[in-house]
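Here is a colleague's note for someone opening this entry for the first time. Please keep the sequence and the 3D view at hand while reading.

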Amino acid sequence: MSAVETTAPTVRKTALNAVHRQMGAKMVDFNGWDMPVEYPASIGCGIINEHMAVRTSVGIFDVSHMGDIRLAGPQALAAVQHISMNDASRLAVGQAQYSALLYPQGTFVDDVIVHRLGEDEYLLVINAGTREKDFNWVRDNTRQFDCAVENLSDDFTQIAIQGPKGVNTLQKLTDADLSAVKFYWITRGTVCGLKNILIARTGYTAEDGFEIYIPADEATSAQVWNEILSAGKEFNLVPCGLGARNTLRLEGKMPLYGHEISDTINVWEAGLDRFCKMEKPEFIGRAALEKAKAAGVKRTLLGLEMTERGIARDGYKVLDSGGREIGYVTSGSPAPFLKKNIALAYVPPEFGAVGTSVKVEIRGQGVGAQVVPTPFYKRPKKKP
Amino acid sequence: MSYPTDRKYTKQHEWIQANGSTATIGITDHAQEALGDIVFVELPKVGAELVAGKPLGTVESVKAVSDIYAPASGTVTEVNGELASSPEAVNKDAHSSWMVKLTLKNPGEVDTLLSAADYEKYVAEEGGH
């Protein structure tokens, strides 16, 4: 058997680190954070069980490693509009949207969820691995606006409660009427006795669910985590780690920074057109994107399903049916709910038709795969 | 975990049960626990020549690919085809989930491997469970 990973000594920890370790979670170094990748089989967990729990009932995730940047002031909207590719002027107070911060070349600084917290107040939730880079980028590119930029990343413990029974679970713990909160909207309420907690109906699992932002001290964080575990018992709630987080987002074709999006990939290649509002007269990256659109994409992100025995993984080469290298896998894994081996890959657009046969090079051998529609999984529409 | 004494072990977490010049190979309970849910097992073909210490195949969990190393040299005589459709069997009972049977090149080679007691000690020292 090959090596087992160990965590570096200067690694960062969330407030729930001791709780995860106490529960017996397998820990991994994720972008400098000591995070749970999965919880033990002895408590009904493991990546596959955790993934299935989120698809069929409810699971919770510690996502406190994510970052938070607040922009507040008379020109907060103008500041957000300058750095974000989506149109934040469409946001009502209490509404959120998926977007991205772009470099002048039209490539990605990071993807982000923009929340409008108040008249002139926005919260950007960003990736763990890009916390410092993003904050510096936002601060340095909004100096011309009358707007304060604050890094609140260390102020919150962020817990994601995801799955069809997520709303049932969280409702037991809050006075906020969650039925009134539509998907990608937010509210505030008392949660586990804590007042004025930000509750967002957002997530990274392709299921319904919520993310709550509570004070980051260890005692409060542990108390809330344990109360959610108790409240969720009747729904067979399980704690979930980064392993399931990845398989869930992959089934939903949600991008991961450093894989589907990066500083060398542009918006059109990544297929994130619908979140990029070119009708906005100005935002960083707009000019380059206009040129790139006119020139046409040289590669496109598409979904693959293995048709022969084998698992496509990150970085594996994609070959045409004749064995010639045409691209690479950005993210690949078994899909526990779909029970298939799936992957996202960049290949030239001429290979983009659904049904196209390609191969993935696995340990020197070309293994058959085909292009399939994405997202691979879409959650069922709720019955009225 | 008390490891069965009817076989020998390697530091790479394989077990080998020898019977004269034939032997059976699998991976240990520690290995399956460390890997998590096993979703794919790739084994050599019948007739393949195994070299002690060199990879003979792979076992894959959701997150990772791991090499299986040959505890001893020999020729593959049988491969457990069930693991192609039910790789999770290895998680359920690693010590009963045989992977490969072989004719040993040097039967004495197996004696140099770790005993159950030595392997348990090794796993404990490695920081294992």
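This is a predicted model: local features need pLDDT of at least 70, side-chain atom pairs count only at pLDDT 80 or more; totals for chains, interfaces and linings use all residues.

The numbered points below go through the chains, their contact, the core and some local details.

1. Local features are given where pLDDT is at least 70, and side-chain atom pairs count only at pLDDT 80 or more. Totals for chains and interfaces use all residues.

2. Chain B, layout. Chain B holds four helices and nine strands. Read from the N terminus, the order of elements is β-β-β-α-β-β-β-β-β-α-α-β-α. The C-alpha trace of chain B spans about 35 × 35 × 20 Å along its principal axes.

3. Chain B, packing. The globule rule gives 14 Å for 129 residues, and the radius of gyration of chain B is 14 Å, so chain B is as compact as a globular protein of that length. Of the 129 residues in chain B, 45% are buried. Among contacts in chain B with a separation of 6 or more, 63% join residues 24 or more positions apart.

4. The contact between the chains. Chain B contributes 16 residues and chain A contributes 14 residues. On the chain B side, α1 (29-35), β4 (38-42) and β7 (65-69) each supply at least two residues. The largest share of that side comes from β7(B), with four residues. By type, the chain B side has eight nonpolar, four polar and four charged residues.

5. A residue of β7(B). Asp67(B) sits in strand β7 of chain B. Is Asp67(B) buried or partly exposed? Asp67(B) counts as partly exposed, because it has 16 C-beta neighbours inside 10 Å, and a buried residue needs 20 or more. Asn19(B) is 48 residues away from Asp67(B) along the chain, and their C-alpha atoms are separated by 25 Å.

6. The largest nonpolar core. This core has 143 residues. Val80(A), Ile159(A), Ala312(A), Ala345(A) and Val360(A) touch the most other members. Which strand gives the most to this core? Strand β17 (residues 340-347) of chain A does, with six residues. Domain 1 (17-66 + 155-251) and domain 2 (298-372) of chain A each provide at least three residues. As background, nonpolar side chains tend to be buried together in soluble globular proteins.

7. Leave aside the neighbours of Ile159(A) within four places in sequence. Ile159(A) is then in contact with Ile60(A), Phe61(A), Asp62(A), Ile212(A), Val224(A), Trp225(A) and Ile228(A).

8. A covered helix. In helix α2 (residues 47-56) of chain A, eight of the ten residues are buried. They are Ile47(A), Ile48(A), Asn49(A), Glu50(A), His51(A), Ala53(A), Val54(A) and Arg55(A). The cover over these buried residues includes β2 (33-38), β3 (59-62), β9 (156-162), β13 and α7 of chain A.

9. Strand β16(A) and its partners. Strand β16 (residues 325-335) of chain A is largely enclosed by the rest of the structure, because eight of its eleven residues are buried. Strand β15 (residues 317-320) of chain A pairs with β16(A) in the antiparallel sense over three bridges. There, Val318(A) stands opposite Gly327(A). β16(A) also pairs with β17(A), in the antiparallel sense over seven bridges. In that pairing, Ser333(A) stands opposite Ile342(A).

10. The two hairpins. The hairpin of β15(A) and β16(A) has four residues between the strands, and Gly323(A) takes a positive phi near 90 degrees. The hairpin of β16(A) and β17(A) also has four residues between its strands. Lys339(A), in the turn, has a positive phi of about 55 degrees.

11. Backbone points to check. Most residues other than glycine have a negative phi, and most peptide bonds are trans. Asn236(A) has a positive phi, near 60 degrees. Asn236(A) lies in the loop between α6 (218-232) and β13 (238-239) of chain A. With 15 other C-beta atoms within 10 Å, Asn236(A) is partly exposed. Lys253(A) also has a positive phi, near 50 degrees. The loop between α7 (242-251) and α8 (267-270) of chain A holds Lys253(A). Lys253(A) is buried, with 21 other C-beta atoms within 10 Å.

12. A cis peptide bond. Thr374(A) and Pro375(A) are joined by a cis peptide bond, with omega about 5 degrees. Pro375(A) is in the segment after β19 (365-372) of chain A.

How values were computed
Residues are numbered from 1 along each chain as its sequence is written. Chains are lettered from A and ligands numbered from 1 in the order in which they are written. Two residues are in contact if their C-beta atoms, placed from the backbone, lie within 7 Å. Ala, Val, Leu, Ile, Met, Phe, Trp, Tyr, Cys and Pro count as nonpolar, Asp, Glu, Lys and Arg as charged, and the others, Gly among them, as polar. A residue is buried if 20 or more other C-beta atoms lie within 10 Å of its own, exposed if 12 or fewer, and partly exposed in between; C-beta atoms are placed from the backbone. A nonpolar core is a set of buried Ala, Val, Leu, Ile, Met, Phe, Trp, Tyr and Cys residues joined through C-beta atoms within 7 Å. Domain bounds come from an automatic or database domain assignment. The radius of gyration is taken over C-alpha atoms; the globule rule is 2.2 Å times the number of residues to the power 0.38. Two strands pair if DSSP finds at least two bridges between them.
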